[in-house]
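Reader: I'm new to this one and would like to learn how to read it. Could you walk me through it?

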Amino acid sequence: MRRTILFSLILGIVSFGVAAPPDNDPSAIKLFKPLPASFQSALNPASKVKVDLGRALFYDKRLSKANDVSCNSCHDLNTYGVDNQATSTGFQQQKGGRNSPTVYNAAGHFVQFWDGRAADVEAQAKGPVMNPVEMAMDAEKEVVARLNSIPGYVAMFKAAFPKQADPVSFDNMAIAIGSFERGLVTPSRWDKYLAGDKTALTEPERAGFKLFVDGGCAGCHSGTLVGGSMYQKVGLVKPWDNQKDPGRYGVTKADSDKMFFKVPSLRNIAKTAPYFHDGSVTSLNNAVKYMSVHQCSTSLTDDEVKSVVTWLNSLTGDIPMAYIKAPPILN
């Protein structure tokens, strides 16, 4: 399967051009899909009380050992779900080992974390709370004890999980956070274009999209999220500069997974710098140029890079301000 993907990507590498077509090839458009209203899960059906609980937990710094870090600290919902740092600051000012990706539209990814070690946003929500570099809680039972000490949370957990005799649990904490994150969706003009409104993009934006597809970028960045649906080797054509992080190999210990990472979504990419798993590139223009060299064996001109970035800006969506409004601190 991996060889097929790589072969298809290499076949997609062609010379770039800047000519703007009157419209894009319908076959290329079929590689992409508009965002849904939310990313629902049959295993975690949404309810208002569960979402409200998840929202409260997402913003609550009391889920961290020193009461100073929340989910929102590294995934600021007012700044497109990131903190715009190369790596985030956690417990006792420690720095994480990888760039914190956006939580917007993350529930639609095929796996979570750069190395895919969590299957979904519910599983992912458990990780940072227990990570000694991030929120640094010592044990799950301590998290539960802290939640049980807050009457407002006890009441909310009972309302969100009414059939459970003891609803305040570490698992239910993660389920509630995941339920909230499944509604973090940012539709953009790109979605209107995919839905049939050809006036939603300008001619320069459509030209940039053509360059993106013709250059083979859609071999990895396609679908609803313009990425987020497969693993890929960084340094596919030219070795990646930073070889310290072996990527998915750290999870599987398979040599074939060295330097493989989850392909990130490009939605809101213009707002979520710095880029890549190591946060090593701060400019979107430089990130596009870097990808063309390391993944596609192509050296783009400045005008070509500008054209692609023009289209990428159309992927910037609307933040759901009412949905993300921070609730009062529970007592």
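**Starting from one residue**

Author: Let's start with Asp 191, which touches Lys 33, Pro 34, Leu 35, Thr 186 and Arg 267, leaving out residues up to four places away in sequence. Contact here means heavy atoms within 4.5 Å. Before we go on, this is a predicted model, where local features need pLDDT of at least 70 and side-chain atom pairs count only at pLDDT 80 or more, while totals for chains, interfaces and linings use all residues. Residues are numbered from 1 along each chain as its sequence is written, and side-chain values use heavy atoms, with hydrogens and water left out.

Reader: Is Asp 191 buried or exposed?

Author: The general idea is a cut-off on relative accessible area: buried is under 20%, exposed is over 50%, and partly exposed is in between, with a 1.4 Å probe and protein chains only. Asp 191 counts as buried because its relative accessibility is 8%.

Reader: And which helix is Asp 191 found in?

Author: Helices are DSSP runs (H or I, at least four residues), strands are runs of E (at least two), and they're numbered from the N terminus. Asp 191 is found in helix α10. Trp 190 and Tyr 193 both lie in α10 too, which covers residues 189-194; they sit three residues apart, about one turn of the helix.

Reader: How do I read a pair of rings like Trp 190 and Tyr 193?

Author: A pair of aromatic rings is described by the distance of the centres and the angle of the planes. Rings of Phe, Tyr and Trp (its six-membered ring) pair if their centres lie within 6.5 Å; planes under 30 degrees apart are stacked, over 60 edge-to-face, and the rest tilted. By this rule there are 17 aromatic pairs. One of them joins Trp 190 and Tyr 193, and it's stacked, with 5.8 Å centre to centre and 20 degrees between the planes. Trp 190 is buried, because its relative accessibility is 0%, and Tyr 193 is buried at 0% as well.

Reader: Which residues do ring pairs link into a cluster with those two?

Author: The cluster has Phe 32, Phe 209, Phe 212 and Trp 311 along with Trp 190 and Tyr 193. Trp 311 is also among the buried residues of helix α14 (residues 302-312), together with Glu 304, Val 305, Ser 307, Val 308, Val 309 and Leu 312. What covers the buried residues of α14 includes α10, α11 (203-214) and α13 (284-294).

Reader: What lies over the face of Tyr 193?

Author: A charge sits over a ring if NZ of Lys or CZ of Arg is within 6 Å of the ring centre and within 35 degrees of the ring normal. Lys 198 lies over the face of Tyr 193, at 4.4 Å from the ring centre. Elsewhere, Lys 258 lies over the face of Tyr 249, at 5.0 Å.

Reader: Now a whole helix. How many residues does α3 have, and how far does it reach?

Author: The expected span of a helix is 1.5 Å times one less than its number of residues. Helix α3 (residues 48-59) has 12 residues and reaches 17 Å from first C-alpha to last, close to the 16 Å expected. Nine of the 12 residues are buried, so α3 is largely enclosed by the rest of the structure. Among them are Lys 50, Arg 55 and Phe 58. The cover over the buried residues of α3 includes α4 (71-74), α7 (140-148) and α8 (151-160).

Reader: How many disulfides are there?

Author: A disulfide is a pair of cysteine sulfur atoms within 2.5 Å. A search of the whole structure finds zero. The sulfur of Cys 71 has its closest cysteine sulfur in Cys 74, 8.7 Å away, so that's too far for a bond. For Cys 296 the closest is in Cys 217, at 5.0 Å, also too far for a bond.
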